[in-house]
Amino acid sequence: MPSSMMAIVKKRSGVGVEVCEVPVPTCGEGEILVRVEGASLCGSDLHIYEWSPSYRWLPLPVILGHEFAGQVVEVGEGVSHVRPGDRITASPYISCGNCPRCLGGNGQHCLEMRILGLSADGAFAQYVRLPKNSRLFLLPPEMDAERGALLEPFCVALNAVDRSGIKFGQTAFVLGPGPIGLLTLMLLRSVGVSWVGVAGRASDELRIQRARELGADLLVDVDHEDGIRKVREAMEGLGESGVDLVFEATGDPGSVSQALEMVRPEGKVILMGIHSGDAAVNPTSVVRGRISIIGAYTYEQDTWLRALRYLTVRDLAVESVISHRLPLTAASEGFALARRGEALKVLFRPGGERGVSQ
Ligand SMILES: [Zn+2]
Ligand SMILES: [Zn+2]
């Protein structure tokens with residue numbers, strides 16, 4: 001085992017991240033050391049890069065990266081459920097198991113929550129140490145590291161689709177064609193939505209292109225087109241004034257009021273984006289339309305198991321959201337591509353290979 005490794009570190013407050021040489025973590029009681037095969041860049045990593053107000057609570061320095069897969073190389077005392085050589089992915093959320101929320105079955109709201117890649121060192125590194133109580137999942141032999149790393153964002157999309165309570169044949173609209181929006185689109189298609197549209201900005205060309213390939217029925221460029229009117233026109237053809245469900249996955253506060261204008265009376269708006277500021281909404285339209293606004297964040301206890309099972313058996317092409325594969329040393333390039341919306345998802349391969357698929 002080497003004594004040092006490369007890692008992408010948020011060292012100080014302000015814009016940016018750094019590629020640093022840091023010690024390889026040691027493995028204490030209950031802990032597991034994993035050699036990272038792939039770790040993907042998330043919208044929240046971009047917020048951390050930009051040092052958005054909603055992420056300024058992070059203890060610095062911290063190694064980023066919370067969507068990953070890899071191979072167990074060492075286990076600490078007392079670990080018997082995995083062995084060196086096992087390939088795994090893990091939930092980045094480490095709940096304590098003992099606080100009132102955990103004891104009440106709501107571990108996702110644990111009062112002592114630690115999050116890999118945010119409040120504990122993460123997986124944009126050659127090795128990541130999984131703390132005691134980590135929830136890890138063995139990957140089936142045929143599942144590669146890319147699919148394994150994408151399990152986390154797939155679970156985020158799955159949880160939002162679950163929370164929408166969607167029924168077969170309903171209509172939906174996805175605001176934001178980023179990786180989470182695209183994974184949501186794939187899921188909506190696979191659960192039998194009868195019509196689904198996607199909106200993005202002019203700079204989202206590559207993402208909109210992918211949404212088209214994934215079977216979106218309507219694509220809207222919100223910088224040049226009136227998305228609300230286009231949705232209403234499409235729904236008129238189906239005898240409705242709006243869609244049943246709107247998934248807001250942009251994190252742009254302005255899109256919340258758009259979502260409320262697109263949904264039909266009694267419809268639901270599912271908020272998934274992390275917003276950098278307050279959103280203006282017209283409460284009367286929510287009241288009169290009896291519209292439900294639902295927050296969707298992280299996942300339920302069983303989401304990972306269901307997602308892993310689905311991606312093991314079904315060939316849903318989640319990898320199609322990855323556009324760039326980069327070594328850790330290309331961190332600034334990867335973050336720049338993602339910030340400009342020129343990449344879909346960027347996957348870091350600490351092993352080093354590079355590749356682009358568009
Ligand atoms: Zn994420
Ligand atoms: Zn707890």
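**View 1. The buried face of helix α11 in this predicted model.** In helix α11, which spans residues 331–339, the buried residues are A331, G334, F335, L337 and A338. Because these residues cover an arc of only 160° around the axis, they are placed on the same side of α11. An α-helix has 3.6 residues a turn, so residues three or four places apart point the same way. The elements that cover the buried residues of α11 include β1, β2, α1 (43–50), β17 (322–326) and β18 (345–348). Just after α11 comes G341, whose phi is positive, at about 75°.

**View 2. An open sheet of three strands.** The strands of this sheet follow the order β2-β1-β4, and their pairing is antiparallel. At the edges stand β2 (18–23) and β4 (62–63), each of which has a single partner strand, so one side of each is left without a neighbour in the sheet. Strand β1, made of residues 4–10, pairs with β2 in the antiparallel sense over six bridges, and V19 in β2 is the bridge partner of I8.

**View 3. The largest nonpolar core.** This core has 102 residues, and those with the most contacts inside it are F124, V246 and F247. Helix α4, residues 151–164, provides the largest share of the core, namely eight residues. Both domain 1 (4–149 + 317–356) and domain 2 (160–295) give residues to the core, so the core lies between them.

**View 4. The surroundings of V246.** When its neighbours within four places in sequence are left aside, V246 is in contact with F173, L175, A259, M262, V263 and V269. In soluble globular proteins, nonpolar side chains tend to be buried together.

Key:
Residues are numbered from 1 along each chain as its sequence is written. Chains are lettered from A and ligands numbered from 1 in the order in which they are written. This is a predicted model: local features need pLDDT of at least 70, side-chain atom pairs count only at pLDDT 80 or more; totals for chains, interfaces and linings use all residues. Two strands pair if DSSP finds at least two bridges between them. Helices (H or I, at least four residues) and strands (E, at least two) are DSSP runs, numbered from the N terminus. A residue is buried if 20 or more other C-beta atoms lie within 10 Å of its own, exposed if 12 or fewer, and partly exposed in between; C-beta atoms are placed from the backbone. The arc is that of the directions from the helix axis to the C-beta atoms. Two residues are in contact if their C-beta atoms, placed from the backbone, lie within 7 Å. A nonpolar core is a set of buried Ala, Val, Leu, Ile, Met, Phe, Trp, Tyr and Cys residues joined through C-beta atoms within 7 Å. Domain bounds come from an automatic or database domain assignment.
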